[in-house]
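Please keep the sequence and the structure open beside the text as you read.

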Amino acid sequence: MSVAGTDTGAGTPAAQNSSRAGRNLPVAIIVGAVLGGGVVASLVYARYAFVGILAAGVLLGTFEVVRRLRAAGYVIPVIPLAVGGQATLWLTWPYGTRGALAGFGATVVMCMFWRLLSRHGRSAATGPDAAPANYLRDVSATVFLAAWVPLFASFAALLVYQQDGPGRAFALAVGVVSSDVGGYAVGVLFGKHPMVPAISPKKTWEGLAGSLLLGVTATTLTVFYFAGKPVWIGVLLGLTLVATDTLGDLVESQVKRDLGIKDMGSLLPGHGGVLDRFDGFLPSAVAAWAVLTLVP
């Protein structure tokens, strides 16, 4: 989850309210607090409401990316993608991992057929009865999106169904947020050495050190006190979440760079789009489920 971006220009009202990372920091903090409060409240009082929050985020994030891909010339079968994404997530409730796998597989199959039979994306030079143009490109992007958003989010839902599920999901959220906060604070104050300037110029090695320090510490404490796991599992999960959070941010940065955009959307003031807020959370959900479920 990244709060970094492009500066808006000195002397403008937006620039005067912006942080060095290019966001309106007060607004970003307020929006982040509201989102975080909603997640915590759902885990404390109604754990299945957390799945509803995930479902809303999946739907909005999917539409954001589809809109950007279509603007870049991709033909994305949005109806089966949106419906299948919700099925992938909600089927985890009665069927667990089998439900997520079945939902994802059905989504891919339906999207492949939908794009094959779609009138959109046919070559104008050969008429509407011609074979689809750019079929492989469009289907590849669609399958990538189906995995990136609904399938990855389903692993966060799988966490919450366990007896200690709220604690596990809380550890995931705390680990990702702490990684972001630590990386942002140290990067803004001390960052001098870019990690991958070709993808994300503002991400620095000093920021990564801040992510490791705060992310691992906060995750270890949360896993120990709220999920009842040993300290060493908290350390392992913290290291894993920092890695997946950082790489998830870089993946979305590269996607946006390929599409020539700054933000996926503008729904969340100070943050950009929904995917700009949850880019690191999605792969981290997979990592959290793997560590907390498979490690004895």
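Asn134 sits in the loop between helix H6 (97-117) and H7, where helices are DSSP runs of H or I with at least four residues, strands are runs of E with at least two, and both are numbered from the N terminus. Although Asn134 is not a glycine, its phi is positive, at about 55°. Is Asn134 buried, exposed or partly exposed? Asn134 counts as partly exposed because its relative accessibility is 46%; buried means under 20% relative accessible area, exposed over 50%, and partly exposed in between, with a 1.4 Å probe and protein chains only.

A word on the source: this is a predicted model, in which local features need pLDDT of at least 70 and side-chain atom pairs count only at pLDDT 80 or more, while totals for chains, interfaces and linings use all residues. Residues are numbered from 1 along each chain as its sequence is written, and side-chain values use heavy atoms, with hydrogens and water left out.

Now for the whole chain. The protein chain has 12 helices and two strands, in the order α-α-α-α-α-α-α-α-β-β-α-α-α-α along the sequence. Of its 296 residues, 48% count as buried. Taking contacts between residues at least 6 apart in sequence, 67% join residues at least 24 apart; a contact means heavy atoms within 4.5 Å.

UniProt, in an unreviewed entry, places the feature "transmembrane region" at residues 25-43, 49-66, 73-93, 99-118, 139-161, 167-186 and 207-226. UniProt positions follow the numbering used here, feature names are shortened, and annotations may be inferred rather than shown by experiment. Two of these spans are set out below.

| Span | Helix and strand | Distance between end C-alpha atoms |
|---|---|---|
| Residues 49-66 | 100% helix, 0% strand | 26 Å |
| Residues 167-186 | 100% helix, 0% strand | 28 Å |

Next come the helix pairs. Two packed helices are described by the angle between their axes and the distance between the axes. Helix H7 (residues 135-160) packs against H8 at an angle of about 140°, with the axes 6 Å apart. Axes are lines fitted to C-alpha atoms, for helices over the stretch in contact, and angles run from 0 to 180 degrees between N-to-C directions. H7 and H8 are therefore oblique to each other: angles under 35 degrees count as roughly parallel, over 145 as roughly antiparallel, 65 to 115 as roughly perpendicular, and the rest as oblique. Here Ala156, Leu159 and Val160 of H7 meet Gly165, Pro166, Arg168, Ala169 and Leu172 of H8.

The axes of helix H9 (residues 205-226) and helix H10 (residues 231-259) come within 7 Å and cross at roughly 140°, so H9 and H10 are oblique to each other as well. On the H9 side the contact residues include Ser211, Gly215 and Thr219, and on the H10 side they include Gly234, Gly238 and Val242.

Finally, two residues of H8. Ser179 lies in helix H8 (residues 165-190) and counts as buried because its relative accessibility is 1%. Leaving aside residues up to four places away in sequence, Ser179 touches Ser211, Gly215, Val242 and Asp245. Phe190 is also placed in helix H8, and at 54% relative accessibility Phe190 counts as exposed. The C-alpha atoms of Phe190 and Gly207 are separated by 7.8 Å, with the two residues 17 apart along the chain.
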